[in-house]
Amino acid sequence: MRIAEELRFLILAAQREGNRVLAQALKPLGVTPSQAEVLRLLQDRQPLTLNGLGALLVCESGSSPSRLVDRLTTTGLIDRLPADHDRRQVRLTLTPEGARIATRIAEIEDELYDRLDTAGAGSDTGEVICFLHRFVDGLPAGRALAHRKETGA
C-alpha cells in the first residue's frame, strides 16, 4: 500500500469513527452531527442568514443548507424570521429549546475533543494539522473552515 493511500484511508477511518462516536452521543438529543453543527454555529453567531450559515458549514457543501434548516425548524429548534433590512431574506436564530440542545452539544463536543487530545498526546499534531490544511486549502470544506477560523467560531 502506498503511503498516500494509507493516509487517505486513515483520514477516512478517523472521520468515520469520529462521526460515529459523535452520532452515538447525539442520539439521545435527537440530532445528527450535521444538525449539531448548525445549532452550534447559531449558538456562536446568531442571527445568520441561510447563505451566511452555508458559508460556514463544513458538514455540507453548497451555500444553502435548506434541508438542514427546514428539519431543525420543523422540530422547533430554529426560528426563521424575516430580516429587518430585507424581507426577502430570513434570519435564523435558536429557539429556547434549540439553545438548550446546543449547550448540551457543546458539552458532547468537548468530550470528543478531550478524547482527541488524549490520542494526540506526545505527538506533533501541529504538523498533521498543517498538512491537512494544505490538503483542503481552496476546496469547499477547506474554505468553510478557513472562513470560520477568520471570523472566530
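Trainee: Is Gly-126 buried, exposed or partly exposed?
Mentor: In this predicted model, Gly-126 counts as partly exposed, with a relative accessibility of 33%.

Trainee: And which helix is that in?
Mentor: Gly-126 lies in helix H6.

Trainee: I was also looking at Ile-11. How far apart are Gly-126 and Ile-11?
Mentor: In sequence, 115 residues separate Gly-126 from Ile-11, and in space they are 16 Å apart, C-alpha to C-alpha.

Trainee: Where do Phe-131 and Phe-135 sit relative to each other in the helix?
Mentor: Both are in H6, which covers residues 125-136, and they are 4 residues apart, so about one helical turn separates them.

Trainee: How accessible are Phe-131 and Phe-135?
Mentor: Phe-131 is partly exposed at 30% relative accessibility, while Phe-135 is exposed, with a relative accessible area of 56%.

Trainee: New topic. How many disulfides does a search of the whole structure find?
Mentor: The search finds 0 disulfides. As for cysteines, Cys-59 is partly exposed with a relative accessible area of 31%, and Cys-130 is partly exposed too, at 44%.

Trainee: OK, what about the core? How many residues are in the largest nonpolar one?
Mentor: The largest nonpolar core has 26 residues. Inside that core, the residues with the most contacts are Leu-26, Val-31, Val-38, Leu-39, Leu-53 and Ile-105.

Trainee: Which elements supply at least two residues of this core each?
Mentor: Helices H1 (3-26), H2 (33-45), H3 (50-56), H4 (66-74) and H5 (96-120) do, and so does strand E2 (90-94).

Trainee: Pick Leu-39. What does Leu-39 touch, not counting residues up to four places away in sequence?
Mentor: Leu-39 touches Val-31, Leu-72, Leu-77, Ile-78, Leu-94, Ile-101, Ala-102 and Ile-105.

Trainee: Some of those are in H5. Which residues of H5 are buried?
Mentor: Ile-101, Ala-102 and Ile-105 are among them, and the list also has Gly-98, Ala-106, Ile-108, Glu-109, Leu-112 and Gly-120.

Trainee: What covers the buried residues of H5?
Mentor: The cover includes H1, H2, E2 and H6.

Trainee: How far does H5 reach from its first C-alpha to its last?
Mentor: H5 reaches 36 Å with its 25 residues, close to the 36 Å expected at 1.5 Å a residue. Gly-122 follows H5, and its phi is positive, near 85°.

Trainee: Now H7. How far apart are its end C-alpha atoms?
Mentor: They are 17 Å apart; the 12 residues of H7 (140-151) should span 16 Å at 1.5 Å a residue, so the two agree.

Trainee: Which H7 residues are buried?
Mentor: Gly-142, Ala-144 and Arg-148 are buried in H7. Looking down the axis of H7, the buried residues fall within an arc of 160°, so they line one face of the helix.

Trainee: And what covers the buried residues of H7?
Mentor: H2, H3 and H6 are included in the cover. After H7 comes Gly-152, with a positive phi near 85°.

Trainee: Last one. Which residues does the cis peptide bond join?
Mentor: Gln-46 and Pro-47, with omega at about 0°. Pro-47 lies in the loop between H2 and H3.

How values were computed. Residues numbered from 1 in each chain as written. Predicted model: local features only at pLDDT ≥ 70, side-chain atom pairs only at ≥ 80, totals over all residues. Heavy atoms only, no water. Buried < 20%, exposed > 50% of the residue type's maximum accessible area, 1.4 Å probe, protein only. Core = buried A, V, L, I, M, F, W, Y, C linked by side-chain atoms within 4.5 Å. Contact = heavy atoms within 4.5 Å. Disulfide = S-S within 2.5 Å. Expected span 1.5 Å × (residues − 1). Arc of directions from axis to C-beta.
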